[in-house]
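This report describes the fold, the surface and a few selected residues of one protein. Please look at the sequence and the structure shown here before reading on.

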Amino acid sequence: MIKDIEKQAEGKMNKALEVLKAELDTLRAGRANPKLLDKVTVDYYGTPTPISQMATISVPEARLITIQPWDVKSIPLIEKAIMASDIGITPSNDGRLIRLAIPQLTEERRKELVKQAKKEGENSKVAVRNVRRAAIDELKSAQKNSDITEDDCKTGENNMQKLTDNMIKKIDEIVKAKEADIMEI
């Protein structure tokens, strides 16, 4: 029973790590990355549609993203969605292809992005701690119902704390790596 609770908690904590990585991938670090557009949705025939489902996205150069829509009529819609998003890049098109030139980041913008990365890291830590708390509550409930002994409960709590500490260490490493990536000139 304890192993089941620990396995569930570990799975949820790993999910929090995956979410953090996905969030940090959408932060612009001065280089072209198609994942920048993951959060941008286009109102396409009344349905919010991700750009990746409407076009081919490629990175021909280090500071350029190209978007080639499958339906040329959707170019103005995609441009409008990019302008409305918070990625801070102005699109340009030639009638068939949308180009996003990634500008060099200013020092101020880099610091903003680092703050945002740290905030995402804190959110992940909170999620991990919430998983730990729920698992410990489950262990205590099992002890109260006489499903496990007090010693087993304490062992489970210690294991949960070790797992939590390990996950928080991983989160710190991920955020630190992203911070280095952002601050790199």
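The sections below go from the basis of the model to the overall form and then to single residues.

## Basis of the model

The model is predicted, so local features need pLDDT of at least 70 and side-chain atom pairs count only at pLDDT 80 or more, while totals for chains, interfaces and linings use all residues. Residues are numbered from 1 along each chain as its sequence is written, and side-chain values use heavy atoms, with hydrogens and water left out.

## Overall form

The protein has 4 helices and 6 strands. Here helices (H or I, at least four residues) and strands (E, at least two) are DSSP runs, numbered from the N terminus. Read from the N terminus, the order of elements is α-β-β-β-β-α-β-β-α-α. The protein is more spread out than a compact globule, because its radius of gyration is 22 Å, well over the 16 Å that the globule rule gives for 185 residues. That radius is taken over C-alpha atoms, and the rule is 2.2 Å times the number of residues to the power 0.38. Along the principal axes, the C-alpha atoms fill a box of roughly 70 × 40 × 25 Å.

Contact means heavy atoms within 4.5 Å. Of the contacts between residues at least 6 apart in sequence, 63% join residues at least 24 apart.

## Surface and charge

Of the 185 residues, 38% are buried. Buried means under 20% relative accessible area, exposed over 50%, and partly exposed in between (1.4 Å probe, protein chains only). The accessible surface comes to about 11000 Å², and carbon and sulfur atoms account for 50% of this surface. Areas come from the Shrake-Rupley method with a 1.4 Å probe; for residues, only the protein chains shown count as cover.

There are 32 positive and 31 negative side chains, with the centres of the two sets 3 Å apart. Lys and Arg count as positive and Asp and Glu as negative, with His and the chain ends not counted. Each charge is placed at NZ of Lys, CZ of Arg, CG of Asp or CD of Glu.

## Thr49 and its surroundings

Thr49 belongs to strand β2, which covers residues 47-50. Its relative accessibility is 12%, so Thr49 counts as buried. Beyond its neighbours within four places in sequence, Thr49 is in contact with Val40, Thr41, Val42, Tyr44 and Met54. A polar atom of the Thr49 side chain lies 3.0 Å from the backbone oxygen of Thr47.

## Loop residues with positive phi

Tyr45 sits in the loop between β1 (41-44) and β2. Phi of Tyr45 is near 55°, a positive value in a residue other than glycine. With a relative accessible area of 69%, Tyr45 is exposed.

Ser146 is in the loop between α3 and α4 (150-183). Ser146 is likewise not a glycine, yet has a positive phi of about 65°. Its relative accessibility of 62% makes Ser146 exposed.

## Separations along the chain and in space

Gln104 lies in the loop between β6 (98-101) and α3 (107-144). This residue is partly exposed at 44% relative accessibility. From Gln104 to Ala134 the C-alpha distance is 44 Å, for 30 residues in sequence. Lys21, in helix α1 (residues 2-25), is partly exposed at 45% relative accessibility. Lys21 and Asn159 are 138 residues apart in sequence, and their C-alpha atoms are 25 Å apart.

Asp165 is part of helix α4. Its relative accessible area of 44% makes Asp165 partly exposed. Between Asp165 and Lys176, 11 residues apart along the chain, the C-alpha separation is 16 Å.

Terms used: Polar contact = N/O pair within 3.5 Å; in protein donor to acceptor, adjacent residues only side chain to side chain.
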